[in-house]
Amino acid sequence: MATSQAGAPARPMRADARRNYGRLLAEARAAFAEHGTDASLEDVARRAGVGIGTLYRHFPSRHALMSAVFQEAVTALITRSRELAGSDRPCAALVEWLGAIVTHAGEYRGVAQALMSTCRDETSALARCNTPLREAGSTLLDRAQSSGAVRPDVSIDDLMQLTNAIALAAEQSPDDPGLAARLLRLTLRGLANSSPTDGGSSPSGD
C-alpha cells in the first residue's frame with residue numbers, strides 16, 4: 001500500500017485499508033491529546049486493532065502521522081488567513097492569526113517543539129504543515145509591512161519560529177494561561193515600526 005511522504009494516501013485504497021487508515025488517525029489524535037506527540041506508536045496501532053507494520057505502511061514516520069493528524073487544523077488556519085487577508089487592519093489581522101497558531105499548538109503537547117525543529121526542513125513530513133502555514137503567514141505579514149506597522153526586515157520564518165517558541169513556553173507553564181497572549185504582544189511590539197500607519201493600530205492588536 002503506497003503512501004505519500006506525509007502519510008496521505010498516494011492512490012485509492014481498498015476498503016479495509018481505508019478503515020485502518022481512519023482508525024489509526026482517530027487513535028493517534030486521541031493518544032496525542034492525552035499523552036502528547038511522543039505517545040507510543042505501538043499503543044496507537046494496538047488501539048486501532050492493527051499491527052505496527054500496518055501503521056508504518058500508512059505513516060512512514062512519527063512526523064508523517066503528526067502531519068496527517070494536524071491537517072484539519074492546518075486547513076482551518078489557512079482558511080482563516082484568507083479571511084483575514086481582506087481586513088482593513090492588516091497588523092491586527094496578523095496578530096489574530098498568529099494567536100490562532102499558538103492556540104492550535106497548545107492542543108497537543110509537543111507540537112510546538114516539532115514545528116520549531118522542522119520549520120525550515122523541506123524534507124520533513126511536517127513540511128506539509130509548515131510550508132502552507134508559512135505561505136499563508138507571508139501574505140498577512142506582507143500586508144502588515146506594507147501598512148507601515150511592522151518593520152520591513154522581519155521575515156516570516158523568524159516570525160513563525162517566535163510564535164512556536166511562545167507556544168512552547170505556554171505549554172511548559174500550564175499554570176499561567178495568559179502567558180502566550182502576553183508574550184505575543186511583547187514580541188510584536190518589538191517588531192513594530194516607530195510610526196505605524198495601520199489605522200492607529202499597534203502590532204499588539206490593541
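Start with helix 8 and helix 9 of this predicted model: helix 8 passes helix 9 in a right-handed crossing. To set up the view, select residues 156-171 for helix 8 and residues 179-190 for helix 9. The two axes come within 9 Å and cross at roughly 155 degrees. Angles over 145 degrees count as roughly antiparallel, so helix 8 and helix 9 are roughly antiparallel to each other.

Next, show the side chains where the two helices meet. On the helix 8 side, select L159, L162, I166, A169 and A170. Their counterparts in helix 9 are L179, A180, L183, L184, T187 and L188.

Are C91 and C129 buried or exposed? C91 has a relative accessible area of 1% and is buried, because the cut-off for burial is under 20%. C129 is likewise buried, with a relative accessible area of 1%. The count of disulfides comes to zero.

Then zoom out and colour the protein chain by secondary structure. Following the chain along its sequence gives the pattern α-α-α-α-α-α-α-α-α.

Switch to colouring by accessibility. Of the 206 residues in the protein chain, 47% are buried.

Taking contacts between residues at least 6 apart in sequence, 69% join residues at least 24 apart.

Key:
Residues numbered from 1 in each chain as written. Predicted model: local features only at pLDDT ≥ 70, side-chain atom pairs only at ≥ 80, totals over all residues. Heavy atoms only, no water. Helix = DSSP H or I, 4+ residues; strand = E, 2+ residues; numbered from the N terminus. Buried < 20%, exposed > 50% of the residue type's maximum accessible area, 1.4 Å probe, protein only. Contact = heavy atoms within 4.5 Å. Disulfide = S-S within 2.5 Å. Axes fitted to C-alpha atoms, helices over the stretch in contact; angles between N-to-C directions. Parallel < 35°, antiparallel > 145°, perpendicular 65-115°, else oblique. Left-handed = near helix turned anticlockwise from the far one by under 90°.
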